[in-house]
Amino acid sequence: MTTPPLTRREEMAVVAARLLRPKERVLVGVGMPNLAANLAKRLHAPDLVLIYESGILDANPETLPLSIGDPVLVRDALATISMLDLFSNYLQTGWVDVGFLGGAQVDRRGNLNSTVIGPYDHPAVRLAGSGGAADIAACAQRLILMLPQDRRHFPARVDFVTSPGHPATGRRPDGRGPAWVVTDMGLYDFDSTGEMRLRALYRDETVEAVQAATGWPLAIHPHPTRVPPVTPEEYRALRALQQARGGPRR
Amino acid sequence: MNKLMRIDEVVGAIPAGATIAVGGSSLSRKPMSLVRALAARGRGDFRLIVDVGGPEVDMLLGTEKVREVIYAFVGFEIMGLSPHFRRARESGSVAFQEWTEFTVMAGLDATVKRVPFLPTHVGLGTDVLAVNGAFRRFADPFGGETLVAVPALAPDFALIHVNLADPQGNGVILGDGHVDVLCAKAAKRTILSAERVVSAEELQRYGRDVQIHRIHVDGVVEAQWGAHFTGCAPYYRADLRHVQDYLAAARDPSSWAEYVDRFIGDRHQDYIAAVGGAEALIGRLEV
């Protein structure tokens with residue numbers, strides 16, 4: 001049996017999964033965050049509380065959900081509630097520990113763009129829009145962001161602030177806001193001034209390469225580390241999750 | 001009171017220029033049989049209000065029935081961006097108002113509560129406030145904190161697909177609820193399409209799952225597979241094969257004309273036959 005190595009994109013999911021702590025309540029965005037959160041639940045955090053914005057509390061999906069409305073999310077969930085109830089009486093109270101989001105661009109303050117590439121009135125690419133991202137970013141206790149890293153995704157200024165990062169004046173006064181950024185080159189946190197900071201590199205990356213892929217002079221942690229390699233257990237859990245996935249039946 | 005209607009009667013009841021809120025989310029429980037009928041025969045010039053939009057917005061844009069979209073999201077999730085939405089947005093042919101999921105809900109909720117706006121923290125520090133003139137920053141009259149005022153959203157119609165309904169307009173939703181109850185409460189008139197219409201006695205056995213109440217409903221249409229090609233939990237999943245075909249057609253004007261001709265009409269049974277018939281759908285999509 002062949003066991004293909006993980007792609008860097010898959011490794012990102014492992015790195016992001018490690019950032020989730022047991023019992024945390026995570027509002028899971030579509031795409032990469034969905035893979036990472038489901039992976040964490042199958043590794044060190046089986047009691048992770050997965051929340052999906054369509055109104056699903058404590059989802060326990062047997063297989064990786066393909067969309068926010070996937071029936072696999074409803075089965076075995078603690079409850080399905082209205083989105084108004086979720087956003088009003090759970091998210092806005094501060095009950096959600098982690099907002100877990102992808103996007104098209106991020107900047108040094110952790111501002112996230114999922115609305116438009118180019119000028120708003122004459123866009124080069126019109127993206128899907130905020131969805132719940134702006135709401136989640138405003139209300140979750142901390143945010144984990146996942147994006148590929150290059151100058152397109154890491155510009156000096158995002159073309160549109162869909163989800164607020166840390167203000168130019170310092171970290172968000174309410175103690176919330178972006179905590180981690182996971183990319184295909186490294187792992188970033190935010191320093192005491194609210195500036196994104198390189199924290200760890202994948203084994204084959206260099207500071208020079210990462211800087212070249214970033215649209216601003218990158219802050220670097222005093223002791224940047226290497227991302228620990230994927231363990232056999234993590235590898236097996238990720239492959240099992242992917243193989244169990246239903247997918248379109250043709 | 002018997003509120004059963006035919007799809008063509010629903011289309012006839014919705015005037016040009018109407019503001020229409022649509023339930024469901026992206027690829028989940030969209031009232032597609034009603035949407036296809038509006039795309040084929042609707043009077044158009046519609047304003048759409050969607051929290052998480054997808055095929056319904058794309059299809060009504062592709063058939064030129066829309067003058068404005070108020071939305072938090074329009075897309076096909078993992079299947080990709082919405083082709084007609086992108087095109088309309090990039091060419092400026094239709095007006096778009098940038099909202100967020102919570103603010104769409106707050107706007108509808110304000111209408112339900114008969115207040116002109118509801119306050120929130122959402123939007124502070126974002127460009128949503130810069131490009132959407134509907135929102136206002138204001139100072140809390142008690143403590144002075146800066147908040148965002150979300151104006152009321154008042155739909156003329158809400159279109160919602162449910163698992164079961166009775167002829168009086170009570171509706172059962174078995175999967176996730178999205179914003180459907182809120183749309184039903186906020187709209188002046190609400191039309192349900194239902195996988196199955198059952199008697200009031202049978203429906204009431206569903207207890208708390210009777211989420212839509214008849215006092216908010218004006219019309220009921222029976223449409224089995226009425227959410228197709230989106231999913232209707234827990235009965236059937238989204239038809240990702242058809243989604244792919246749809247997206248391929250929507251990206252290319254000549255195949256789009258062909259798609260419209262083949263699939264978009266106001267006769268739901270014809271549509272089900274065109275996608276291969278109910279038997280085939282059961283085999284592929286039933287959960």
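Modeller: Arg108(A) is partly exposed, with a relative accessible area of 29%. This is a predicted model, so the values here are computed from its atoms. Arg108(A) forms a salt bridge with Glu195(A), and the closest N and O atoms are 3.0 Å apart. Arg108(A) sits in the loop between strand 6 (105–106) and strand 7 (112–113) of chain A, while Glu195(A) sits in the loop between strand 12 (186–190) and strand 13 (196–201), so the pair ties together parts that are 87 residues apart in sequence. Glu195(A) has 11% relative accessibility and counts as buried, because the cut-off is under 20%.

The side chains of Glu234(A) and Arg18(A) meet in a salt bridge, 2.8 Å from N to O. This pair also links distant parts of the chain: Glu234(A) belongs to helix 7 (residues 232–243), Arg18(A) belongs to helix 1 (residues 8–18), and they are 216 residues apart. Glu234(A) is buried, with a relative accessible area of 9%. Arg18(A) is partly exposed, at 27%.

Chain A also holds a network. Arg8(A), Glu11(A), Arg203(A), Asp204(A) and Glu205(A) are linked in it by salt bridges. Over all chains, the structure holds 28 salt bridges. One of them is in chain B, where the side chains of Arg6(B) and Asp8(B) meet at 3.0 Å, N to O. Arg6(B) is partly exposed at 48% relative accessibility. Asp8(B) is partly exposed as well, at 38%.

Now another arginine of chain A. Arg142(A) lies in strand 10 (residues 142–146). At 12% relative accessibility, Arg142(A) counts as buried. Its C-alpha atom is 5.1 Å from that of Val98(A), a residue 44 places away along the chain. Beyond its neighbours within four places in sequence, Arg142(A) is in contact with several residues, among them Leu19(A), Arg21(A), Glu24(A), Asp97(A) and Val98(A). Gly99(A), Gly177(A), Ala179(A) and Trp180(A) are also on that list.

Step back to the whole of chain A. Its secondary structure comes to seven helices and 14 strands. The radius of gyration is 18 Å, close to the 18 Å that the globule rule gives for 250 residues, so chain A is as compact as a globular protein of that length. Its C-alpha atoms fill a box of roughly 45 × 45 × 35 Å along the principal axes. Buried residues make up 62% of the 250 residues in chain A. Take the contacts in chain A between residues at least 6 apart in sequence: 63% of them join residues at least 24 apart.

Next, the partner chain. In all, 43 residues of chain A are in contact with 49 residues of chain B. The area buried between the two chains is about 3900 Å², and carbon and sulfur atoms give 59% of that. The count of salt bridges between chain A and chain B is one. That bridge joins Glu98(B) to Arg126(A), with the closest N and O atoms 3.1 Å apart. On the chain A side, the elements that give two or more residues are helix 3 (71–74), helix 4 (83–91), strand 9 (125–126) and helix 5 (133–139). By class, that side has 23 nonpolar, 13 polar and seven charged residues.

Finally, some backbone details in chain B. A cis peptide bond joins His228(B) and Phe229(B), with omega about 15°. Phe229(B) lies in the loop between strand 12 (219–222) and helix 9 (240–251) of chain B. The peptide bond from Ala233(B) to Pro234(B) is cis too, with omega near 0°. Pro234(B) is likewise found in the loop between strand 12 and helix 9.

Two residues other than glycine have positive phi. Glu64(B) has phi near 60° and lies in the loop between helix 3 (55–62) and strand 3 (66–74) of chain B. Glu64(B) is exposed, with a relative accessible area of 71%. His178(B) has phi near 50° and is found in the loop between strand 9 (171–172) and helix 7 (180–186) of chain B. At 2% relative accessibility, His178(B) counts as buried.

Methods: Residues numbered from 1 in each chain as written. Chains lettered and ligands numbered in written order. Predicted model: local features only at pLDDT ≥ 70, side-chain atom pairs only at ≥ 80, totals over all residues. Heavy atoms only, no water. Contact = heavy atoms within 4.5 Å. Buried area = accessible area lost by both parts, 1.4 Å probe. Salt bridge = Lys/Arg side-chain N within 4 Å of Asp/Glu carboxyl O. Helix = DSSP H or I, 4+ residues; strand = E, 2+ residues; numbered from the N terminus. Nonpolar A, V, L, I, M, F, W, Y, C, P; charged D, E, K, R; others polar. Buried < 20%, exposed > 50% of the residue type's maximum accessible area, 1.4 Å probe, protein only. Rg over C-alpha atoms; globule rule 2.2 N^0.38 Å.
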